[in-house]
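Student: Hi! Could you walk me through this protein in plain words?
Tutor: Happy to, so let's open it up together.

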Amino acid sequence: MDLQVKGKVFLLAGASKGLGLAIAEQLSLNGASVAIASRSAQTIEASAIELAGRSGNPVKAYVMDASDGASIQRWVTDAHSDFGRIDGLVVNAGGPPVGQFDSFDDEDWLAAFNLTLMSAVRMVRAVLPHLRSAGGGAILTLTSSSVKEPIDFLLLSNVMRAGVTSLAKSLSKQLAAENIRVNNLIPGLIATDRMQNLDKLQAQAKHLSISDQRRANEQTIPLGRYGEPTEFGKAGAFLLSPAASYITGASLVVDGGTMKTVW
């Protein structure tokens, strides 16, 4: 399938590795220019160099703190100046700390609010004028299966990512007349560094080896394995592309059939 992204420019937050980078990779391999951002200058620069070398298409790295509104605005402004246009945005940020309700005080809740929910608000706000001037575009938010089936040890993420999902759905209705599509992509258990860390935490709590914890998790997945970042990346690139021109307001689940909720 031709994704029709050649000559288009996409901004991807949280894209030095993991799910954000997986989507950037698929867009870049299909001919798009990508502006990838994360907090770590060293990591994001290395990822940009490696990806540009493989795809042969423009990839530029930016340092951006998703919990800082001014940092988000600088990223968007600089990327537009560098590339001359913006056609799409991936809203993504690292997850807040794990823990149960009694683990968190007001500062923890406010930090999670800024990192996960307000980062989405600020990224969309910064990008919208450029999408409007381009005559339309696409926004993709990355959340979690916890927005439909809360995960016990991810309380902060459960709450804040549910807000991001509601934001995406609301925006999809408000922006449709301007030819701006807004969708949400929900990962299941994807084999990223963050998933490895979560496996480790679960294993420690249950006094299991990490490999045993992973096998236990895989037994809950109908397809019997963790997803690969590339599989998730292809789904994200599709939703951002003109090939998905009649899809907006959707939440696509990439989880190997794990989710039990019918919706």
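Tutor: Below we talk about a cavity, a histidine and some salt bridges.

Student: Okay, what should I know before starting?
Tutor: This is a predicted model, where local features need pLDDT of at least 70, side-chain atom pairs count only at pLDDT 80 or more, and totals for chains, interfaces and linings use all residues. Residues are numbered from 1 along each chain as its sequence is written, and side-chain values use heavy atoms, with hydrogens and water left out.

Student: How many cavities of 30 Å³ or more are there?
Tutor: A search of the whole structure turns up one. A cavity is a set of points, on a 1 Å grid over the protein atoms alone, where a 1.4 Å probe fits but cannot get out.

Student: And how much space lies in the largest cavity?
Tutor: About 40 Å³, where a volume is the space filled by probe spheres set on the grid points, which are joined across faces, edges and corners.

Student: Which residues line it?
Tutor: Among them are Val-91, Asn-92, Thr-116, Leu-142 and Arg-161; lining residues have an atom within 4 Å of a point. The lining divides into four nonpolar, four polar and one charged. Here Ala, Val, Leu, Ile, Met, Phe, Trp, Tyr, Cys and Pro count as nonpolar, Asp, Glu, Lys and Arg as charged, and the others, Gly among them, as polar.

Student: Switching topic: where is His-130?
Tutor: His-130 is in helix H4; helices are DSSP runs (H or I, at least four residues), numbered from the N terminus.

Student: Is His-130 buried or exposed?
Tutor: His-130 counts as buried because its relative accessible area is 17%. The cut-offs are under 20% for buried, over 50% for exposed and partly exposed in between, using a 1.4 Å probe and protein chains only.

Student: What does His-130 touch, leaving aside its neighbours within four places in sequence?
Tutor: His-130 is in contact with Val-76, His-80 and Ile-86, contact meaning heavy atoms within 4.5 Å.

Student: Which residue meets Arg-85 in a salt bridge?
Tutor: Asp-87, at 2.5 Å, N to O. Asp-87 is buried because its relative accessibility is 6%, whereas Arg-85, at 34%, is partly exposed.

Student: And what about Arg-214?
Tutor: Arg-214 pairs with Glu-218 at 3.1 Å, N to O. Both lie in helix H7 (residues 210–218), four residues apart, about one turn of the helix.

Key: 1 Å grid on protein atoms, 1.4 Å probe; cavity = no way out; pocket = protein on both sides within 12 Å on 5 of 7 lines; lining within 4 Å. Helix = DSSP H or I, 4+ residues; strand = E, 2+ residues; numbered from the N terminus. Salt bridge = Lys/Arg side-chain N within 4 Å of Asp/Glu carboxyl O.
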